[in-house]
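Open the model in your viewer and keep the selection tool at hand. We will go from the whole chain down to single residues.

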Amino acid sequence: MTAVLVLLAIIAVVIFWGVGVYNRIIALRNYFQNAFSQIDVQLKRRYDLIPNLVETAKAYMAHERETLEAVISARNHAVDANNKVSGNLADGTAFKQMVAADGVLNASLGKLFALSEAYPDLQANQTMMQLSEELSSTENRIAFARQGYNDSVMSYNVAIQQFPGSVIANSFGFKTAELLESTESPEERKAIKVAF
């Protein structure tokens, strides 16, 4: 009789332990999904600011049409890629496409701002200054939200890869989540040499 009670107690402890590990993995998954939602909100804000920025610049940069069109095209591509990922964070291919589209958008915005420096009237324009400041502030928020997302993903991935969580994760089909990483090539990451 005592052996049966001990066996039932061991089974109960194992079941409660498994439920606890499962619930922890679910909570961590929800944390990283929420962290991505924070990025999504900031990206949508950036996407909304870009057309206004381009419209303001159009009046001053009429012969820079190709650059302005590239910014809008990159913005539209980034919006589409973001929408695909928002529906399913587990789609690794869509996630990588979103990161790549975001890199193209950042590059085209950088080119727009570099060209805008050649137009003093544009830089003095109050609307352009306000939009540039809002975009800069949004970029900082995006960077902060990405850091939070990557921290949440790391906690989740560690939980499903370490024993004993890996046993529960594999049993219930939990997959590792993608980190947001830079799309720079190894050449772009090298330090710039300055010579005088």
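**Whole chain.** Show everything as a cartoon. From the N terminus on, the elements run α-α-α-α-α-α-α. That comes to seven helices and zero strands. The radius of gyration is 24 Å, well over the 16 Å that the globule rule gives for 196 residues, so the protein is more spread out than a compact globule. Along the principal axes, the C-alpha atoms fill a box of roughly 90 × 40 × 25 Å.

**Confidence.** This is a predicted model, so color it by pLDDT before going further. The average is 83, and 91% of the residues score at least 70. Select helix α7, residues 186-189: confidence is lowest there, at a mean of 51. Where pLDDT is low, the predicted coordinates should not be read in detail. Helix α6 has the highest confidence, at 90.

**Surface.** Of the 196 residues, 35% count as buried. Hide the surface again. Among contacts with a separation of 6 or more, 77% link residues 24 or more positions apart.

**The largest core.** Which residues have the most contacts inside the largest nonpolar core? Select I25, F95, L109, L112, Y149 and Y156. The core as a whole has 49 residues. The elements giving two or more residues to this core are α1, α2 (65-87), α3 (92-116), α5 and α6. Helix α1 supplies the largest share, 15 residues.

**Y149.** Center on Y149 and show its surroundings. Leaving out residues up to four places away in sequence, Y149 touches F32, A35, F36, I39, F95, E178 and L180.

**A35.** Select A35 next, in helix α1. Is A35 buried or exposed? It is buried, with a relative accessible area of 8%; the cut-off for buried is under 20%. Beyond residues up to four places away in sequence, A35 touches A145, G148, Y149 and S152. Now draw a distance from A35 to N150, C-alpha to C-alpha. The two are 115 residues apart in sequence and 8.4 Å apart in space.

**T138.** Move to T138, in helix α5. T138 counts as buried, at 0% relative accessibility.

**Helix α6.** Finish with residues 165-172, helix α6. Its buried residues are G165, S166, I168 and A169. Look down the axis of α6: the buried residues fall within an arc of 160°, so they line one face of the helix. They pack against α1 (2-58) and α5 (126-161). Which exposed residues sit on the face turned away from the buried side of α6? Select N170 and S171. Last, click on G173, which follows α6. Its phi is positive, near 75°.

Note on methods
Residues are numbered from 1 along each chain as its sequence is written. This is a predicted model: local features need pLDDT of at least 70, side-chain atom pairs count only at pLDDT 80 or more; totals for chains, interfaces and linings use all residues. Side-chain values use heavy atoms; hydrogens and water are left out. Buried means under 20% relative accessible area, exposed over 50%, partly exposed in between (1.4 Å probe, protein chains only). Helices (H or I, at least four residues) and strands (E, at least two) are DSSP runs, numbered from the N terminus. The arc is that of the directions from the helix axis to the C-beta atoms. Contact means heavy atoms within 4.5 Å. A nonpolar core is a set of buried Ala, Val, Leu, Ile, Met, Phe, Trp, Tyr and Cys residues joined through side-chain atoms within 4.5 Å. The radius of gyration is taken over C-alpha atoms; the globule rule is 2.2 Å times the number of residues to the power 0.38. pLDDT is the predictor's confidence in each residue, from 0 to 100.
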